[in-house]
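Good morning, and thank you for coming.

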Amino acid sequence: MQAEIESLVEAGFGDADAQLEACERLSHVVAQQARRAQSLTVVCGEWPGQEWSKPVALGDVVRAATGRIAAFERVRIASYPEVQVELHVEALIHLVAELLANAVQASPPREPVRVEFDRVGASWVVLIEDRGTGLHEEDLARARALVSGVGIPTLAELGNAPHLGLAVVGAFVQRHHYRVLLQPVTRGVRASVEIPAAHLAQSPPACAAAPARRSGTADEALPQKPELPRRVPRQFENRFTSPRAEAAASSATASGVDFFADALGRTDPSPGASEPGTAADESRGEQ
């Protein structure tokens with residue numbers, strides 16, 4: 001960490017972009033050191049005091065774990081499921097970070113580590129697959145024993161230069177009832193972390209489903225107005241077709257036209273009307 005800070009100081013702080021990059025690198029180094037310190041406390045029987053006040057999306061949990069390992073740029077997250085973790089978020093972030101660090105270390109320097117998600121009943125599973133050469137049977141059996149959560153080794157039992165990653169995973173499995181499995185694949189090892197359904201946030205009640213639409217326009221799915229009869233009922237035919245009714249309708253229509261024309265200020269004279277200065281003026285002159 002000291003060497004990283006010295007390199008940042010030597011880079012200078014005259015450029016705003018350089019300052020931002022330096023702060024990001026320093027923050028990343030601090031996150032790694034904090035994870036290592038936290039791992040020591042977990043192996044010694046203590047537990048992280050940090051907790052999250054709100055549920056966190058499962059994809060964001062993996063992203064936060066990715067930010068705590070060195071080669072974070074090699075992690076490839078396939079998708080982001082629409083599920084949130086409500087309980088023991090910090091423990092899950094730390095657990096996934098240890099498995100990611102182990103997968104990155106086991107893979108060649110330029111090989112990515114792929115992360116996927118799967119749903120098993122009411123639970124969700126995080127799948128982490130490395131591209132390493134795999135493990136021998138004895139090493140795989142020992143690794144499985146460490147992540148099983150049975151018989152957590154002490155710090156002294158891990159040796160002078162202890163590898164804390166899998167021991168920390170086993171401690172979280174024992175305390176929070178996760179289920180971690182290690183399976184050999186074509187290239188490397190796949191680690192799966194099953195998150196209990198009790199740790200997940202309950203989904204809000206679904207709204208009532210909208211009625212299924214038929215193919216075509218949106219209007220087809222709406223209730224149609226009843227079609228009015230196109231033919232006048234027989235008992236009213238004479239009322240609307242008699243000569244007297246037709247004359248009354250014609251007179252009412254003409255009166256209505258004159259009324260609206262006068263209200264709007266008539267500019268064009270209606271057919272047959274006297275224009276100013278012509279027939280009307282002549283009739284006044286005659287009088």
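Two strands are said to pair if DSSP finds at least two bridges between them. Helices (H or I, at least four residues) and strands (E, at least two) are DSSP runs, numbered from the N terminus. Please bear in mind that this is a predicted model, in which local features need pLDDT of at least 70, side-chain atom pairs count only at pLDDT 80 or more, and totals for chains, interfaces and linings use all residues. Residues are numbered from 1 along each chain as its sequence is written, and side-chain values use heavy atoms, with hydrogens and water left out.

Let us start with the sheet. Five strands form an open sheet in the order β2-β4-β5-β7-β6, and the pairing is mixed. At its edges are β2 and β6 (179-184), each of which pairs on one side only. From one strand to the next, the twist averages 25 degrees.

I now follow the strands across. Strand β2, residues 75-77, pairs with β4, residues 113-120, in the parallel sense over three bridges; here V75 stands opposite V113. Next, β4 and β5 (residues 123-129) run antiparallel and are joined by seven bridges, with V115 opposite I128. These two strands, β4 and β5, form a hairpin with two residues between them, and in the turn G121 has a positive phi of about 65 degrees. On the next step, β5 is joined to β7 by six bridges, again antiparallel, and V126 faces V193.

What lies across β2, β4, β5 and β7? The answer is helix α3, residues 58-66, which runs at about 150 degrees to β4. Axes are lines fitted to C-alpha atoms, for helices over the stretch in contact (heavy atoms within 4.5 Å), and angles run from 0 to 180 degrees between N-to-C directions.

Finally, the pocket. Helix α4 gives the largest share of the lining, eight residues.
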